[in-house]
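Open the model in your viewer and keep the sequence panel in view. The stops below say what to select next and what is there.

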Protein chains: 2
Amino acid sequence: MAEQPSPFSNPGSTQEVEEGRALAPRFDADGLVTCVVTDARSGDVLMVAHMNREALAQTIATGEAWYFSRSRQALWRKGESSGHVQRVVEMRIDCDQDAVWVKVEQAGAGACHTGRRSCFYRAVPLGKAGAVTLEFRDGDKLFDPKAVYKK
Amino acid sequence: MAEQPSPFSNPGSTQEVEEGRALAPRFDADGLVTCVVTDARSGDVLMVAHMNREALAQTIATGEAWYFSRSRQALWRKGESSGHVQRVVEMRIDCDQDAVWVKVEQAGAGACHTGRRSCFYRAVPLGKAGAVTLEFRDGDKLFDPKAVYKK
């Protein structure tokens, strides 16, 4: 990957982090920020992922979503296996600069590795006591994960 | 806080976690799941927070948002200081059950401790090299944090 000038500043005071115009991400002990991914069209939350320094820099540079896979401990261009890439329409950072929100155009049938549009396909009923029974919502499988991730 | 029957099951196989109807949250090493909070009306992401076992159980039981503050290391009923409580309209859990999405009705002027509607009031411009200059969007302060958090 070509060396690029860093888009990041070092986090300063709380005032600077919250009210400033410098991008000074506060990566956690594992070097990650949380990333919320919403569908630019529907507004639905598609997934929650993580970005390390390199993934965040690559996303900013390319306008395509890159993440860091905690399970594989590897930089990951979303869609590199499935073809389901995400074009970032807008990126926002939160007050304390430890979370990022990207609105994306999702290529292909879905964002979730289970074959669904969104990873959030089950609702948790509220106000009931005892063990919870999840309710499937928008849970149709739109692609066959076995076929898509075979490569 | 009154003892209540647990809403949680223990995580089983990947198949059970992803395709099952049991709520089996996969809390991380710090005992937390990530929680994305969106405005039920506008769809905007208001904040990203964390829930421990007790915060998640309280949210499910009461239909009001409870979180765990990592900085204060304390259970936290959203709005307990500011009055800006959040009524949860819908809760979803993601494929691997380590992230929750709540759609809320936000009481008061905003969710962010800086006085804004959303914590995500700055955009990160994409496709540019070098240091990034954040752009304020929807960044108007709707309440005075000093007055609201004085109590």
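## First stop: a helix and its surroundings

Select A:Gly63, which follows α2(A) and has a positive phi, near 75°. Helices (H or I, at least four residues) and strands (E, at least two) are DSSP runs, numbered from the N terminus. This is a predicted model, in which local features need pLDDT of at least 70 and side-chain atom pairs count only at pLDDT 80 or more, while totals for chains, interfaces and linings use all residues. Residues are numbered from 1 along each chain as its sequence is written, chains are lettered from A and ligands numbered from 1 in the order in which they are written, and side-chain values use heavy atoms, with hydrogens and water left out.

Now select the buried residues of α2(A): A:Ala55, A:Leu56, A:Ala57, A:Gln58, A:Thr59 and A:Ile60. Buried means under 20% relative accessible area, exposed over 50%, and partly exposed in between (1.4 Å probe, protein chains only). These buried residues of α2(A) pack against β1, β2, β3 (66–69), β4 (74–77), β5 and β6 of chain A.

Next, go to A:Asn52, in the loop between β2 and α2 of chain A. A:Asn52 has a relative accessible area of 15%, so it counts as buried. A polar atom of its side chain lies 2.8 Å from the backbone nitrogen of A:Ala55. Show the residues around A:Asn52: leaving aside neighbours within four places in sequence, A:Asn52 is in contact with A:Phe27, A:Gly31, A:Leu32, A:Phe68 and A:Leu75. Contact means heavy atoms within 4.5 Å.

## Second stop: A:Asp39

Select A:Asp39, in strand β1 (residues 33–39) of chain A. Is A:Asp39 buried or exposed? Its relative accessibility is 4%, so A:Asp39 counts as buried.

Which side chain makes a polar contact with the side chain of A:Asp39? It is the side chain of A:Arg117, at 2.4 Å. A polar contact is a pair of N or O atoms within 3.5 Å; within protein, one must be able to donate a hydrogen and the other to accept it, and residues adjacent in sequence count only if both atoms are side-chain atoms. Not counting residues up to four places away in sequence, A:Asp39 touches A:Asp44, A:Leu46, A:Val104 and A:Arg117. Then pick A:Gln86: A:Asp39 and A:Gln86 are 47 residues apart in sequence and 9.4 Å apart in space, C-alpha to C-alpha.

Show both chains and follow the open sheet of six strands in the order β8(A)-β7(A)-β5(B)-β6(B)-β1(B)-β2(B), with mixed pairing. At the edges stand β8 (135–136) of chain A and β2 (45–51) of chain B, each with a single partner strand, so one side of each has no neighbour in the sheet. Two strands pair if DSSP finds at least two bridges between them.

Select strand β7 (residues 122–123) of chain A and strand β5 (residues 86–93) of chain B, which pair in the antiparallel sense over two bridges. Here A:Arg122 stands opposite B:Ile93 in β5(B).

At the other end, strand β1 (residues 33–39) of chain B runs antiparallel to β2(B), joined by six bridges. B:Val37 stands opposite B:Met47 in β2(B). The hairpin of β1(B) and β2(B) has five residues between the strands, and B:Gly43 there takes a positive phi near 85°. β2(B) is mostly covered, with seven of its seven residues buried.

## Last stop: the interface

Chain A is superposed on chain B by a rotation of 180° with 0.0 Å of shift along its axis (RMSD 0.0 Å). That is the relation of a two-fold axis. Select A:Gly43, whose C-alpha is the nearest to the axis in chain A, 2.9 Å from it. The superposition is by least squares on the C-alpha atoms of residues with pLDDT of at least 70 in both copies.

The area buried between chain A and chain B is about 4,900 Å², and carbon and sulfur atoms give 57% of it. Select A:Arg21, A:Phe120 and A:Arg122, which supply 14% of the area that chain A buries against chain B, more than any other three residues. Buried area is the accessible area (1.4 Å probe) that two parts lose on being put together, summed over both.

Finish with B:Glu90 and A:Arg137, whose side chains meet in a salt bridge (2.6 Å, N to O). A salt bridge is a side-chain nitrogen of Lys or Arg within 4 Å of a carboxyl oxygen of Asp or Glu. The rule finds ten salt bridges across the interface of chain A and chain B.
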